[in-house]
Amino acid sequence: MSHKERHYKRYGDMSADSNNNKNTTMHVQSSGNIQEITSESEWDGLLSSASDRIVIVDIYADWCSPCKAFEKPFEDLASRYTSRTKIFRRANVDNKSLGRYFKDITGVPTILFFRGTSLVSKVTVVNMDEITEKVRSIN
């Protein structure tokens, strides 16, 4: 079952066709103040260079209404908490070049928290209070 089908099963109506939203470019794109990871080399490079920094990745889909609603609050959170110890990024779940990173994603939006290359926490179907507390407390 595709991510889109799982989302439809979970949330119902979807507003756009994901076939028009496939991102296969290999450069970093920006959504507001947050850079988007678009390739395996970017993903791997970011995590390996982060060492003991916390990397917070918003996994989203263009067709996902809750993801769109979460975009601005996530940007606001990044504006408040981006520092020498925290890095914020986004990644599109429909980007086939990143598919191996999304095998355990069961719904979007999902927020992944990494310390260096280790996944330390995952929050699916985002509650802003929960995410804000997690960002504040994780070091």
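The model is predicted, so to speak of local features a pLDDT of at least 70 is needed, and side-chain atom pairs count only at pLDDT 80 or more, while totals for chains, interfaces and linings use all residues. Residues are numbered from 1 along each chain as its sequence is written, and side-chain values use heavy atoms, with hydrogens and water left out.

Select residues 65-81, helix H3, together with residues 128-137, helix H4, whose axes come within 11 Å and cross at roughly 20°. That angle makes H3 roughly parallel to H4, a term that applies to angles under 35 degrees. The axes are lines fitted to C-alpha atoms, for helices over the stretch in contact, and angles run from 0 to 180 degrees between N-to-C directions; the helices themselves are DSSP runs (H or I, at least four residues).

Now show the side chains of Phe70, Pro73, Leu77, Arg80 and Tyr81 in H3, which meet Met128, Ile131, Thr132, Val135 and Arg136 in H4, where contact means heavy atoms within 4.5 Å. By class, this contact has 7 nonpolar, 1 polar and 2 charged residues.

Next, centre on Thr132 in helix H4, which counts as buried because its relative accessibility is 11% (buried means under 20% relative accessible area, with a 1.4 Å probe and protein chains only). Leaving aside neighbours within four places in sequence, Thr132 is in contact with Leu77, Arg80 and Tyr81.

Finally, move to Ser51, in the loop between helix H2 (40-49) and strand S3 (54-60), strands being DSSP runs of E with at least two residues. Not counting residues up to four places away in sequence, Ser51 touches Arg115 and Gly116.

Note on methods. Parallel < 35°, antiparallel > 145°, perpendicular 65-115°, else oblique. Nonpolar A, V, L, I, M, F, W, Y, C, P; charged D, E, K, R; others polar. Buried < 20%, exposed > 50% of the residue type's maximum accessible area, 1.4 Å probe, protein only.
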